[in-house]
Amino acid sequence: MGVHELSRQDARRIAVRAQVLESERPEDLYDVVRRLTVVQYDQTAAVAPNADLVAWSRLGSSYSPSELVDALETQALLELRGFVRPSESLALFRAEMEAWPGSGPLLDWQEYRRDWVKANEGCRLDILERLRQDGPLVMRELPDTCVRPWKSSGWTNNRNVSQLLEFMLQRGEVAVAGRDGRDRLWDLASRVYPDEPAVPVDEAKRIRNEQRLRSLGIARAKGPACPGEPIDVGMAGEPAVVEGVRGEWRVDPTLLGQPFSGRTALLSPLDRLVYERKRIAELFEFDYQLEMYKPVAQRRWGYFALPILHGDRLVGKVDATSDRKAGMLRVDAIHEDEPFSKSLTAAVQRELKDLAKWLQLELVRTK
């Protein structure tokens, strides 16, 4: 097998095509999630919750957030490890759930988690019994009978029930059955998940790597640890190099040599096309960070600035906020990485109008 030699434009077009952002739109929400493999379920709603914003970017204002609610309630889609996934994906995680906290020699942090759960066996059983009798329930309705508090230097310190639920989720004992507003509804996994046999761990990892590469188009074989969903793809696909970029990539060969027809789209900061900042810097030469955690004075683009995709380029950011009390989508700035042409300006305005229509808000430019 040879190494594919790609230009940056080739690589960008492969990535955009894989992320279902060409001019031809997908059929429906399920088609979007199936082709993307995962959609991060983040409830930050500066503009709209991420999963809804990702769906709107692909489907337009014909998409209704109620479709996602219905799909999760009927288990056509599942919320697993912080991501919305097709329900058939569960079989690819069952073997890891059964082997929790890991197979083979355990690392120190895995042993700590195992021992902490074992020390709080009584609380785990209390939660399972409460869910068995009354589930689904939100976390505040579940008992905290932990005898050994969870210790952490971060925000999870002493959050015993939330941490135990997270480990029980990883063990396949509980599952997210839906939402009560922003709160997750917990229930017994046996009442939520489809009854499908587990795929062996090694085969499951291979399939997940292949699916991830198919959804990204081009990615690195190795990457930093990432909670919920990795950003690397192992040895899936075929090797490639990108002109002007160091190192080897892996590419989905089915996406090579296809005609490209792009469009203009506004993206969530958590969209998988832009999620890995190093990748978009290397392939798209795009400078971007999510600035919601920065002090106001240090922000360059805004609290939840939306990257602007135009064809196969990322060309700017929109500083927009949904002000539902005032009934408006407020646009404080459109940052142009390079001066926009008249046609690009018009295309961005069309997307903003469609976004406002979808949100049922009045579009207001403040500057």
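Strand S11 (residues 264-266) is joined to strand S12 by three bridges, and the two run antiparallel; strands here, like helices, are DSSP runs numbered from the N terminus, with at least two residues (E) for a strand and at least four (H or I) for a helix, and two strands count as paired if DSSP finds at least two bridges between them. Within this pairing, alanine 265 has leucine 309 of S12 as its bridge partner. The model is a predicted one, in which local features need pLDDT of at least 70 and side-chain atom pairs count only at pLDDT 80 or more, while totals for chains, interfaces and linings use all residues. Residues are numbered from 1 along each chain as its sequence is written, and side-chain values use heavy atoms, with hydrogens and water left out.

Strand S12 (residues 306-310) is mostly covered, four of its five residues being buried, where buried means under 20% relative accessible area, exposed over 50%, and partly exposed in between, for a 1.4 Å probe and protein chains only. S12 also pairs with strand S13 (residues 313-323), in the antiparallel sense and over five bridges, and here leucine 306 has valine 318 of S13 as its bridge partner. S12 and S13 form a hairpin with two residues between them, and glycine 311 in the turn has a positive phi of about 65 degrees.

A hairpin is also formed by S3 and S4, again with two residues between the strands. Strand S3 (residues 77-80) pairs with S4 in the antiparallel sense over four bridges, and leucine 78 stands opposite arginine 85 in S4. Strand S4 (residues 83-86) pairs as well with strand S2 (residues 39-40), antiparallel and over two bridges, with valine 39 opposite valine 84. In the loop between S3 and S4 lies arginine 81, which has a positive phi of about 55 degrees although it is not a glycine; at 25% relative accessibility, arginine 81 counts as partly exposed. Another such residue is glutamate 285, with a positive phi near 50 degrees, in the loop between helix H11 (277-283) and S12.

A further three strands form an open antiparallel sheet in the order S5-S7-S6. Its edge strands, each pairing on one side only, are S5 (137-138) and S6 (174-180). S6 and strand S7 (residues 183-188) are paired over six bridges in the antiparallel sense, and aspartate 187 in S7 is the bridge partner of alanine 175. Helix H7 (residues 121-134) packs on this sheet and touches S5, S6 and S7, its direction making about 90 degrees with that of S7; contact means heavy atoms within 4.5 Å, and angles run from 0 to 180 degrees between N-to-C directions of axes fitted to C-alpha atoms, for helices over the stretch in contact. Helix H8 (residues 160-170) packs on the sheet too, touching S6 and S7, and its direction makes about 120 degrees with that of S6.

In the loop between H7 and S5 is proline 136, and the peptide bond to it from glycine 135 is cis, with omega near 5 degrees. Tryptophan 100 and proline 101 are likewise joined by a cis peptide bond, with omega about 5 degrees, and proline 101 is found in the loop between helix H5 (94-98) and helix H6 (108-119).

The structure holds zero disulfides, a disulfide being a pair of cysteine sulfur atoms within 2.5 Å. Cysteine 123 is in no disulfide, and its nearest cysteine sulfur, that of cysteine 146, is 3.6 Å away. Cysteine 123 counts as buried at 1% relative accessibility, and cysteine 146 is buried with a relative accessible area of 16%.
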